[in-house]
Amino acid sequence: MFTPEHTYDLVIVGSGIAGQAAATSAAEAGLSVVLLEKTGQLGGSSAMSGGWFAFTGTEEQAAEDIDDSAELFLQDLLEVGEHLNDRSLLEAYLAHQQDTYRWLKAHGVVFREVEISSGQSARRSHNSSIKEVLDKLHRDYTDLGGQTRLNHRARNLVRNTDGRVVAVVVDTPEGKQSFTARAGIVLATGGFSRGTDLLKIFAPEQLAAIPYGGKGNTGDGLKMAWKLGAGVADMSSVSATYGSHPETGEEFHELLTAYYMGAIIVNKHGRRFVDESQDYKTLGREVLGQPEGLGFEIFDAKVRAASHRGIPLKDIDTLEDIGHVHKADTLEKLAEMAGIDPTALVQTVALYNTAITGQQDDEVGRTSLCNGIGELLPIEQAPFYAYPAKPLMTSTYCGVTINTSGEVVDVDGEVIEGLYAVGEVTGGFHGAAYMTGTSLGKGAVFGRVVAQRAAAPRAAVGAGHAAV
């Protein structure tokens, strides 16, 4: 049967921040580009995220006298990743993150707040309205002539006789079609948080987490590249993120990290079981091992007052409005409401408060609010609050191996010519765990790197003609 063919300079599969950044940057470089999206809606998991980008050396940091540096950023990335990261990818990120930050702002992106969060020892998570970010980039991409195709699911990558990837076969509403790329195919297909088959292989224990992420995140890109011999990295580090109510829906990003604001985490027996200052992927693994895979964030009026409505991770106001937060004048009453052992909770909070005064060591070794930063706060000021939460499988943070240009490399470390990968479909960047803001950050940074790499041959040809 005849398969209709379409030819572009660059074919990008997936429309989250990675795919969109690559598409817009490539269009700006003068390439003809098509953006293929598996579902009927743009944005993927990025559109469901909290909108945090990790950058350093920014205007927002300078305005608040935040002490940070590229060197500290690198150190934090290595430590949270337990030095399992590919350092070359981290260094590439740091080399390009300033340009990417300025590029986003040039496209009208506004960063509303700068916060410290998982894996950070300085405030470098910059919050945005992520849907607005994606909309702005897509609008500018379209204005430059970029094409978009919804309900187009990539199925197979096609190589020519030299082994170069030259096309992708796609299921479309009109049947199978082939999209040929002169400069390359870019996989920006996300992870496999919705891919039960792959989770069963690589992280079966994570099936107990709340499924989340883009509906199209079933591992299509990983499988296509894997079939061509692509290497993979970080597959043993898949973990859900802790902090979402058991009834979390997809209406908004419900993830509360009150533990970085001063809360403790207890199980239904009222006992602490983990140092709450660790990254929230590590916390996710620990919480899954507790009864019912459930942990309660316990805090008082001081932490409640630090809520910031509309800002993901610290929006206690909205969570209380929708009935997901328990509130009581005493710890005993709070425990009864939340289904926690009252006597044990009172004892646990008393032990915690005593440890803060220095009279004894903390029972789980906690010494800070987040990653070594911030003084611990006693839980003592009524009313008291409890937020029941489970790990949320937002993203898998592992996948195909790439080099610093975003080119996919095979199991022997050789480049698979014509094939790029960016964003969550890639592995090697995060290592064992994840720093807040580096998912959207690496998607934008490496999306632009790939676009510039793909455009380089054309620029070289143009320069040669000019010289003549």
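User: What makes strand 13 and strand 14 a pair?

Analyst: Two strands pair if DSSP finds at least two bridges between them. Strand 13 (residues 264-266) and strand 14 are joined by 3 bridges, so they qualify. They run antiparallel. V266 has F296 of strand 14 as its bridge partner. Strands here are DSSP runs of E, at least two residues, and helices are runs of H or I, at least four, both numbered from the N terminus. The model is predicted: local features need pLDDT of at least 70, side-chain atom pairs count only at pLDDT 80 or more, and totals for chains, interfaces and linings use all residues. Residues are numbered from 1 along each chain as its sequence is written, and side-chain values use heavy atoms, without hydrogens and water.

User: How many bridges link strand 14 to strand 16, and in what sense?

Analyst: Strand 14 and strand 16 (residues 384-393) share 5 bridges, in the antiparallel sense. F296 stands opposite P388 of strand 16.

User: Why is strand 14 called largely enclosed?

Analyst: Buried means under 20% relative accessible area, exposed over 50%, and partly exposed in between (1.4 Å probe, protein chains only). In strand 14 (residues 295-299), 5 of the 5 residues are buried, so the rest of the structure largely encloses it. G295, E297 and F299 point one way. F296 and I298 point the other way.

User: How do you know that S405 counts as buried?

Analyst: Its relative accessibility is 17%. The limit is under 20%, so S405 counts as buried. S405 lies in the loop between strand 17 (399-400) and strand 18 (407-409). Beyond neighbours within four places in sequence, S405 contacts Y420, V449, V450 and R453 (contact: heavy atoms within 4.5 Å).

User: How many aromatic pairs does the whole structure hold?

Analyst: The search finds 17. Rings of Phe, Tyr and Trp (its six-membered ring) pair if their centres lie within 6.5 Å; planes under 30 degrees apart are stacked, over 60 edge-to-face, the rest tilted.

User: Why is the pair of F73 and Y93 called edge-to-face?

Analyst: The centres are 5.8 Å apart and the planes stand at 75 degrees. That is within 6.5 Å and over 60 degrees, so the pair is edge-to-face. F73 sits in helix 3 (residues 70-80) and Y93 in helix 4 (residues 87-106), 20 residues apart. F73 is buried, at 0% relative accessible area. Y93 is buried at 0% too.

User: What makes the pair of Y93 and F429 tilted?

Analyst: The planes meet at 55 degrees, with centres 5.4 Å apart, so the pair is tilted. Y93 is in helix 4 and F429 in the loop between strand 19 (415-421) and helix 13 (438-467), so the pair ties together parts 336 residues apart in sequence. F429 is buried as well.

User: Why does the charge of R124 count as sitting over the ring of F73?

Analyst: The rule asks for NZ of Lys or CZ of Arg within 6 Å of the ring centre and within 35 degrees of the ring normal. The charged end of R124 sits over the F73 ring, 4.5 Å from its centre.

User: Which residues touch the most other members of the largest nonpolar core?

Analyst: F53 and L419 do, in a core of 88 residues. A nonpolar core is a set of buried Ala, Val, Leu, Ile, Met, Phe, Trp, Tyr and Cys residues joined through side-chain atoms within 4.5 Å. Apart from this core lies another, of 25 residues, among them I116, Y242, M261 and Y387.
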